[in-house]
Amino acid sequence: ELGNIQIVGTSKDETVKVTMTATDVFVEFDFNESALQGGVREFKRRIKEAWENLSERIQETTQSRTMELLQGMDIPDEIRNITDESNEDK
């Protein structure tokens with residue numbers, strides 16, 4: 001199911017977009033002419049922003065889907081406690 005979910009990451013100014021599946025399969029890279037303003041350094045910065053945004057969104061999506069699946073399962077208390085303890089450490 002995660003392989004069918006396409007996620008788009010964008011630069012802060014939305015001039016660069018990177019699309020991958022939730023299983024990290026590359027789909028598309030796109031940018032508009034404005035992404036080139038400021039030269040190579042700025043273009044690379046925009047790509048980095050889009051990539052970081054994409055990575056965060058993929059992580060959020062996979063965590064959310066995993067939690068949805070786990071809610072329907074009978075999980076032993078020992079495992080539930082491990083999850084609770086790791087959240088307390090944060």
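The model is predicted, with local features needing pLDDT of at least 70 and side-chain atom pairs pLDDT 80 or more, while totals for chains, interfaces and linings use all residues. Residues are numbered from 1 along each chain, and side-chain values use heavy atoms, without hydrogens and water.

**Exercise 1.** Determine whether R46 is buried or exposed, and list what it touches.

*Solution.* Step 1: R46 is placed in helix α1. Step 2: its relative accessible area is 8%; buried means under 20%, exposed over 50%, partly exposed in between (1.4 Å probe, protein chains only). R46 is therefore buried. Step 3: leaving aside residues up to four places away in sequence, R46 touches S11, D13, T15, V16, S34, A35 and Q37 (heavy atoms within 4.5 Å).

**Exercise 2.** State which strands the buried residues of α1 pack against.

*Solution.* Step 1: the buried residues of α1 include F43, A50, L54 and I58. Step 2: the buried residues of this helix pack against β1 (6-10), β2 (16-21) and β3 (26-31).

**Exercise 3.** Classify F29 by its relative accessible area.

*Solution.* Step 1: F29 belongs to strand β3. Step 2: with a relative accessible area of 34%, F29 is partly exposed.

Definitions and conventions:
Helices (H or I, at least four residues) and strands (E, at least two) are DSSP runs, numbered from the N terminus.
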